[in-house]
Amino acid sequence: MPLVSIVMGSKSDAEVMKPTEEILEKMGISFETLVMSAHRTPEKVQEFCLGASARGVELVIAAAGGAAHLPGVIASWLTLPVIGVPVASGELKGVDALYSIVQMPAGIPVATVAIGAAGAKNAAYLAAEILGLKYQNIRQAYESYRRELKGENK
Ligand SMILES: Nc1c(C(=O)O)ncn1[C@@H]1O[C@H](COP(=O)(O)O)[C@@H](O)[C@H]1O
């Protein structure tokens, strides 16, 4: 059973989300990667959301570009933490996605990270921080990464 669901609006977002998968793997966090769209496949989104908690999912990382409603719609169905990753797709280069994801109405938060590669990485690190509150092995893996990072930047 995966702890984290990485959900993206299109197969075309997959490349951007590779670092997220790599970091989760490194931290020993089980995950699944799914493609679904609040616009194109709304029933699939609903089905995913209704079943997520029962399947043991504890956190969702949702990536989308353009009119990026997917993270917010997922957050509206769930009471699990949702981290939103704005993808730079199309003419507005991710600023459209950033604004769509970050400007949620009060009560339905989406923890929004930066556009693109840095955001995709930070989504995984933030997931490790959140899940590390409950899982000691994840906390240790994340703390070990932070020590490494400090060493590299001395
Ligand atoms: N923002 C959304 C949603 C959604 O929010 O439900 N569904 C697809 N998309 C985004 O459309 C962009 C272009 O998709 P295509 O490359 O498939 O045309 C992608 O970045 C996707 O995340």
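Guide: A residue counts as buried if 20 or more other C-beta atoms lie within 10 Å of its own, as exposed if 12 or fewer do, and as partly exposed in between, with C-beta atoms placed from the backbone. Helices (H or I, at least four residues) and strands (E, at least two) are DSSP runs, numbered from the N terminus. Residues are numbered from 1 along each chain as its sequence is written. This is a predicted model, in which local features need pLDDT of at least 70 and side-chain atom pairs count only at pLDDT 80 or more, while totals for chains, interfaces and linings use all residues.

Visitor: Which residues of helix α1 are buried?
Guide: In α1 (residues 18-26), they are Thr 20, Ile 23 and Leu 24. Seen down the axis of α1, these buried residues fall within an arc of 100°, so they line one face of the helix; the arc is that of the directions from the helix axis to the C-beta atoms. The face turned away from the buried side carries the exposed Lys 18 and Glu 25.

Visitor: And what covers the buried residues of α1?
Guide: The cover includes β1, β2, β3 and α5 (117-132), where contact means C-beta atoms, placed from the backbone, within 7 Å.

Visitor: What about α2: which residues are buried there?
Guide: In α2 (residues 42-52), Val 45, Phe 48, Cys 49 and Ala 52 are buried. Viewed down the axis of α2, they fall within an arc of 95°, so they line one face of the helix. They pack against β1, β2 and α3 (70-77). On the other side of α2, Glu 43, Glu 47, Leu 50 and Gly 51 are exposed.

Visitor: Turning to the sheet, what is the strand order?
Guide: Five strands form an open sheet in the order β2-β1-β3-β4-β5, with parallel pairing; two strands pair if DSSP finds at least two bridges between them. The edge strands, β2 (31-35) and β5 (111-112), each pair on one side only.

Visitor: How many bridges join β1 and β2?
Guide: Strand β1 (residues 4-8) pairs with β2 over five bridges. Val 4 has Phe 31 as its bridge partner in β2, and Ile 6 has Thr 33.

Visitor: Is β1 covered on one face or on both?
Guide: Both: Val 4, Ile 6 and Met 8 on one side and Ser 5 and Val 7 on the other are all buried.

Visitor: Lastly, how many residues surround the ligand?
Guide: There are 18, the closest being Gly 9, Ser 10, Ser 37, Ala 38 and Gly 65; a residue is near a molecule if its C-beta atom, placed from the backbone, lies within 6 Å of it.

Technical notes
Two residues are in contact if their C-beta atoms, placed from the backbone, lie within 7 Å.
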